[in-house]
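Colleague: I would like a close look at a single part of this model. Please set it in the context of the chain around it.

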Amino acid sequence: MAQPVLYPPTQLSPAAALALSQRAPTILRSSPSTVSSSPFSALFAGSEKSELWLQYENLILSCLRTGDENAARQCLQRLVARFGEDNERVQALSGLVKEAEAKSNSALEGILKEYDQILSESDTNIPIVKRRIALLRSMGRVSDATSALVQLLEFSPTDAEAWSELSDIYLSQGLYPQAIYAMEEVLVLAPNAWNIHARLGELQYMAATAPGVAHGSYQKYMAEAIKRFSRSIELCDDYLRGYYGLKLVSKKLLSDGAKATKLPEDGEVSFPDTKTIERLNELATAKLVEIVRHSTAHDRGWRGYSQAEIAAAQELLSEDESAASGIKR
């Protein structure tokens, strides 16, 4: 099993990221502090492992996440010494550290100008393009961030990360059709990614339940949501978010009654009948109960779920119990 320090910090829980950042002084002391970007240095040094530099990069992200800017800068200095200040990845990490250390909006504006200067010299510096987009969004300049993302995707239409970010920006503005379109582009690039299928199902469900949605659009979105969640659990049998979404959608449709099972007039969507929806609801319920039971018992092989997801699943299941007890009364 890979060491936590080799995992991208975004995949670590807050507690794990904190524990990793607390190890930073020990890791820095145990690793070489003087490295050179000269190709001749390899002749006089031991074998170099790529894991070392990945370790430094992930430590930077973890330390910034937990507020240890000093350790993050030490890691950055070693990357600069090894790869040079002109390395695109190092430039992006350097900008990230500066953003974390910025104390005012004017300081952030200064960093934005630095990004613009770098891009004026090399407009194909993708790491800096992405850092600039992230900075624009964090500063509340959503329109500028969206325009920059669209330009990036015109240059690099196969960038799944950029499509995903664009979908999230559209979602933050309540633009559900655009958010769905962007996420569908991610799915084109990663057709077997069960988490993307589930995320697309979530977007479809949010669009269906948005205020003022037309009845035909509601049915279309809900039908697509069922398909996406079903495909998600088909690809990953233990994916909690897939089962949670399937449970949520099927429960909503069953509560709507027979009206929800009618096909739209345009005939574009194949909507499942009530019996199929009931079976899907039962399947999702049984699997969620199993996941919650094993996860809360800390059974081996069932420990990869986040506490927040387990709590959400428990709450959803408890709603069924409350409804059942109400019927009995």
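Modeller: The annotation covers residues 160-193, and it comes from an unreviewed UniProt entry. UniProt positions follow the numbering used here, feature names are shortened, and annotations may be inferred rather than shown by experiment. This is a predicted model: local features need pLDDT of at least 70, side-chain atom pairs count only at pLDDT 80 or more, and totals for chains, interfaces and linings use all residues. Residues are numbered from 1 along each chain as its sequence is written, and side-chain values use heavy atoms, with hydrogens and water left out.

Now the annotated stretch itself. Residues 160-193 are 79% helix and 0% strand. The end C-alpha atoms of this stretch are 12 Å apart. The chain holds 15 helices and 0 strands. Helices (H or I, at least four residues) and strands (E, at least two) are DSSP runs, numbered from the N terminus.

Next, the whole chain. Of its 329 residues, 39% are buried. Buried means under 20% relative accessible area, exposed over 50%, and partly exposed in between (1.4 Å probe, protein chains only). Take the contacts (heavy atoms within 4.5 Å). Among those with a separation of 6 or more, 59% join residues 24 or more positions apart.

Helix 11 spans residues 194-208, and helix 13 spans residues 240-256. The two pack at an angle of about 25°, with their axes 9 Å apart. Axes are lines fitted to C-alpha atoms, for helices over the stretch in contact, and angles run from 0 to 180 degrees between N-to-C directions. Helix 11 and helix 13 are therefore roughly parallel to each other. The cut-offs are under 35 degrees for roughly parallel, over 145 for roughly antiparallel, 65 to 115 for roughly perpendicular, and oblique for the rest. The crossing of helix 11 and helix 13 is left-handed. A crossing is left-handed if the near helix is turned anticlockwise from the far one by less than a right angle, and right-handed if clockwise.

Which residues meet there? Helix 11 brings Ala 198, Glu 202 and Tyr 205. Helix 13 brings Arg 241, Gly 242, Leu 248, Val 249 and Lys 252. By class, the contact of helix 11 with helix 13 has 4 nonpolar, 1 polar and 3 charged residues. Here Ala, Val, Leu, Ile, Met, Phe, Trp, Tyr, Cys and Pro count as nonpolar, Asp, Glu, Lys and Arg as charged, and the others, Gly among them, as polar.

Tyr 218 touches this region as well. Tyr 218 sits in helix 12 (residues 215-235). At 10% relative accessible area, Tyr 218 is buried. Leaving aside neighbours within four places in sequence, Tyr 218 contacts Ala 208, Val 213, Lys 252, Leu 253 and Asp 256.

Leu 283 is partly exposed, at 42% relative accessibility. Outside the four places on either side in sequence, Leu 283 is in contact with Ile 233 and Tyr 243. The C-alpha atoms of Leu 283 and Lys 247 are 8.4 Å apart, and these residues lie 36 apart along the chain. Arg 293 is in helix 14 too. Arg 293 counts as partly exposed at 47% relative accessibility.

One backbone point follows. Most residues other than glycine have a negative phi. His 298 is not a glycine, yet has a positive phi of about 55°. His 298 lies in the loop between helix 14 and helix 15 (307-328). At 57% relative accessibility, His 298 is exposed.

Last, the chain before the annotation. Helix 5 (residues 88-101) packs with helix 6 (residues 105-121) at about 165°, axes 10 Å apart. That makes helix 5 roughly antiparallel to helix 6. Their crossing is right-handed. Helix 5 also crosses helix 7 (residues 126-138) at roughly 20°, and the axes come within 8 Å. That makes helix 5 roughly parallel to helix 7. The contact of helix 5 with helix 7 divides into 6 nonpolar, 1 polar and 4 charged residues.
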